[in-house]
Amino acid sequence: MSNSSRTIAEVLGCLADGSITIVDLSRPLGENTPVIGLPPEFAQSPGFTREQISKYDERGPGWYWNIIHVGEHTGTHFDAPAHWVTGKDLPENTLDKIPARKMIAPVCVIDASKESAADHDFLLTPEFVETWELTHGRIAAGSWVLMRTDWSKRTDTDDFLNIKEDGAHSPGPSVDCIRLLVERGVAGFGTETVGTDAGQAHLFDPMFPCHHLIHQAGKFGLASLCNLDQLPATGAMLITAPMKIVDGSGSPVRVFAITPS
Ligand code: 23J
Ligand code: MN
């Protein structure tokens, strides 16, 4: 057996004996999945709906299937660089063109759950990231950076979206934080909130800075993640496989982390 075959056998052995755990970072996708509300001057994305084709009945006696209708950016989803105007001319910027190799990467988890509970508009800053690096080491190029806020524990949709008279209030990255992550050469940035940007990010300069800067750099986004509290700060691996939609800007995605038990 070759060394690489042995490595794969070893990983499978660790999965079988429980020394490696799979953490599911995706939330269920259905009619109750919360959808982002943009400021009213912009077009809105619909939520998830479905229509039944047949369910073991006269329309199809032996089978059950549905037709689904869903915005690309609904629930736990992947943002491709072409989602933003700043990434529109990059190579490999849509779901059908992103090489599968880029969908497997190490992951860093930055815990801002306490700060986000105390301040619903908490912004991850370069200083916060650099302090995290003092403990956990420098963020390696090619790593995902996920911001843990425990926002996914807000099971009530109104609490999750947290919309007030002046719009949504939810944590996210600051402009300079994303600049630092791009400098680190990350694979992408992921959050537990409905989008990768903070609730008030339409007021930032540039507007929606995570989308603007991350996609400009050809990096990816992940939104509406859950179970980040089950991940180590470093040492896990992420598998993110969005649908291969031709010219797709994003899609619902099943995200798995492979972690030491
Ligand atoms: C379009 C415009 C602004 C935002 C978004 C989409 C998302 O969050 C998204 O799901 O990509 S902030
Ligand atoms: Mn999105």
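**Briefing: ligand sites, buried residues and backbone features**

Ligand 1 is surrounded by I36, L38, H73, H77, D79, H83, W84, G195, F208 and H211, a residue being counted as near a molecule or strand if one of its heavy atoms lies within 4 Å of it. This is a predicted model, in which local features need pLDDT of at least 70 and side-chain atom pairs count only at pLDDT 80 or more, while totals for chains, interfaces and linings use all residues. Residues are numbered from 1 along each chain as its sequence is written, chains are lettered from A and ligands numbered from 1 in the order in which they are written, and side-chain values use heavy atoms, with hydrogens and water left out.

- The manganese ion (ligand 2) is coordinated by H73 through ND1, H77 through NE2 and D79 through OD, at 2.1 to 2.2 Å; donors are N, O and S atoms within 2.8 Å of the metal (3.2 Å for Na, K and Ca), and water is not among the atoms, so sites may look incomplete.
- The spacing of these donor residues in sequence is H-x3-H-x1-D.

**Cysteines**

- The count of disulfides comes to 0, a disulfide being a pair of cysteine sulfur atoms within 2.5 Å.
- For C108, the closest cysteine sulfur is that of C177, and because the two sulfurs are 12 Å apart they are too far from each other for a bond.
- C210 is likewise in no disulfide, with the sulfur of C177 as its nearest cysteine sulfur, 8.5 Å away.
- Both residues are buried, C108 with a relative accessible area of 7% and C210 with one of 1%.

**Buried residues and their contacts**

- T240 belongs to strand β13 (residues 236–240), strands (E, at least two residues) and helices (H or I, at least four) being DSSP runs numbered from the N terminus.
- With a relative accessible area of 0%, T240 is buried, and it touches F78, M103, W144, L222, V253, R254 and V255 when residues up to four places away in sequence are not counted; contact means heavy atoms within 4.5 Å.
- R148 is placed in strand β7 (residues 144–148) and counts as buried at 17% relative accessibility.
- The side chains of R148 and D111 are joined by a polar contact of 3.3 Å, a polar contact being a pair of N or O atoms within 3.5 Å; within protein, one must be able to donate a hydrogen and the other to accept it, and residues adjacent in sequence count only if both atoms are side-chain atoms.
- Leaving out residues up to four places away in sequence, the residues that R148 touches include V109, I110, K153, E192, L228 and D229.
- P126 lies in helix α3 (residues 126–136) and is buried, with a relative accessible area of 14%.
- Beyond its neighbours within four places in sequence, P126 is in contact with S174, D176, C177 and L180; the C-alpha atoms of P126 and S174 are separated by 8.1 Å, although these residues are 48 residues apart along the chain.

**Backbone geometry**

- Helix α1 (residues 3–17) has 15 residues and should span 21 Å at 1.5 Å a residue, which agrees with the 21 Å between its end C-alpha atoms; the expected span is 1.5 Å times one less than the number of residues.
- G18, which follows α1, has a positive phi near 85°.
- Most residues other than glycine have a negative phi, and most peptide bonds are trans.
- Y56, in strand β2 (residues 49–57), is not a glycine but has a positive phi of about 50°, and at 53% relative accessibility Y56 counts as exposed.
- F208, in the loop between β11 and α6, has a positive phi near 45° and counts as buried at 13% relative accessibility; F208 is also one of the residues around ligand 1.
- A cis peptide bond, with omega about 0°, joins D205 and P206, and P206 is placed in the loop between β11 (188–191) and α6 (209–216).

How values were computed. Buried < 20%, exposed > 50% of the residue type's maximum accessible area, 1.4 Å probe, protein only.
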